[in-house]
Amino acid sequence: MSQYTVKPVTCPIDCVVEVPGSKSITNRALLMAALGDGVCHLNGVLFSDDSRHFLSCLEQLGYTLNIDEHNCKVTVFGTEGKIPYKNATINVGSAGTAARFLTAMLALSDGEYKIDASEQMKKRPMKPLFEALTSMGATFTFLENEGFLPVLVKGAYFDGQKPSNTVDIDISKSTQFLSALMMVAPVLKEGLSIYITSEKKDGSYIRITTKMMEEFGCNVYHKDSLYQIKPNEKYKRQQYQIEPDVSAACYFYAAAAITGGKALVRHVHADSMQGDIKFIYLLEKLGCMVTDTKEGISLIGTKNGQYNGIDVDMNDFSDQSMTMAVVAAFAQTPTYIRNIGHIRLQESDRIKGIVTELRKLGITVEEHQDAIRIVPSQMQSGIVKTYDDHRMAMAFALAGLRTSGIIIDDYQCCKKTFENYFEVLESIIR
């Protein structure tokens, strides 16, 4: 496996950077455009392992796409909810969005399909979505393990059947299950009423889904446990601009906090629909100065990178749990990150990964089922295992900015969402 040795900074960073488009928004836009009426031009598209798998799957299903990777553009020729090929095999790779969103789309079709995936994706939870779609009329045949990919799916409209227009879903393990059902609802002639059975009923990514559906012309009604898309709603959008990935931007803001420096990420603004925008304002609570400028949000770290720890609920922006854990390792007092139990079921068991790797670097960490407590101490050099998890690689690289000898193992797993992350990181180190 490839390894990357992070170069420590010799002075606080002072950088202006650009980051790729949002993975979450890119793959949602691709799905809505494919299900939509007419041609849709998508700008600011992310090109990474996950989005390329999504694009490849659409092509394998017969969709016509014009892909301009150099200019980050994709033109999608929508087919008004009808999948061109009625029989096909797709491979979603390790992309959770592709796995959940396309499974729902194929399950509410009139065709038969095989959905394959990487070994990593085969271990990620899918059962609640399979159960919900089965209750609506889809048929699944599990090819390896019950409740997991790969599967054969026969759509709920197959052979003249009529899908149910009500469904229950538990989203405690992933809000992508709800997003998937919401986004494919316009293909149902009678609309869809979705009832949430779990304690968790909302979240930042669900709000992204709702806003984007409305931007593509489809209204969503939400009250308490009910999400409803009425009959005859349809997607129709000619142009759509994808936001920069705030998750990617957060690594550079964290770098400024850790080193007591300054970072500005172009085109990232406070009105972003992405939940990780909350992380930037969490750094503000540590004493950093945050300003939304015309060019993008600017963050200035505290003097000498000194700040106290914090007690924080990160349920709604949990993708930054690893980033916050590294920031916490350099704080003056302990940090408690709570309500993040669901990150154990993502690309890796992220709580276990945080705990294991910080302890290897000499940091005291208390592990709980859905939380971690980090007690800062002098960080030691070491090799960080990334567990084939892009966010572990990118977050833990920040530790090397203040500690020499930090080596990131299998660092190229960041290609999942940010192909040139380590090149950009190296460019800001002085």
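This is a predicted model: local features need pLDDT of at least 70, side-chain atom pairs count only at pLDDT 80 or more; totals for chains, interfaces and linings use all residues.

Trainee: OK. What is phi of D388 near?

Mentor: It's near 55°, a positive value in a residue other than glycine. D388 is partly exposed, at 41% relative accessible area. On that scale, buried means under 20%, exposed means over 50% and partly exposed is in between, using a 1.4 Å probe and protein chains only.

Trainee: And D410, is that one buried or exposed?

Mentor: D410 is buried, with a relative accessible area of 16%. Its phi is also a positive value, near 50°, and D410 lies in the loop between β23 (406–409) and α12 (421–428).

Trainee: Where is L401, then?

Mentor: L401 is in the loop between α11 and β23, and it counts as buried at 1% relative accessibility.

Trainee: Which residues does L401 touch?

Mentor: Leaving aside residues up to four places away in sequence, L401 touches V6, K7, P8, V9, A255, T259, L425 and I429. Touching is a contact, meaning heavy atoms within 4.5 Å. P8 is 393 residues away along the chain, yet the C-alpha atoms of L401 and P8 are separated by 4.1 Å.

Trainee: Switching to helices. Which residues of α10 are buried?

Mentor: In α10 (residues 350–360), they are R350, I351, G353, I354, V355, E357 and L358. They pack against α9 (321–329), β20 (364–367), β21 (372–375), β22 (382–384) and α11 (390–397). An α-helix has 3.6 residues a turn, so residues three or four places apart point the same way. After α10 comes G362, with a positive phi near 90°.

Trainee: How many disulfides are there?

Mentor: The structure holds 0, where a disulfide is a pair of cysteine sulfur atoms within 2.5 Å. For C57, the closest cysteine sulfur is in C40, 19 Å away, which is too far for a bond. C218 is in no disulfide either, as the nearest cysteine sulfur, again that of C40, is 14 Å away. C57 is buried at 0% relative accessibility, and C218 is buried with a relative accessible area of 0%.

Trainee: Where is the cis peptide bond?

Mentor: It runs from L149 to P150, with omega near 5°. P150 is in the loop between β8 (139–142) and β9 (151–154).

Trainee: Last one: what does the whole chain look like?

Mentor: There are 12 helices and 23 strands, and buried residues make up 60% of the 430 residues. The C-alpha atoms fill a box of roughly 65 × 45 × 40 Å along the principal axes.

Key. Residues are numbered from 1 along each chain as its sequence is written. Side-chain values use heavy atoms; hydrogens and water are left out. Helices (H or I, at least four residues) and strands (E, at least two) are DSSP runs, numbered from the N terminus.
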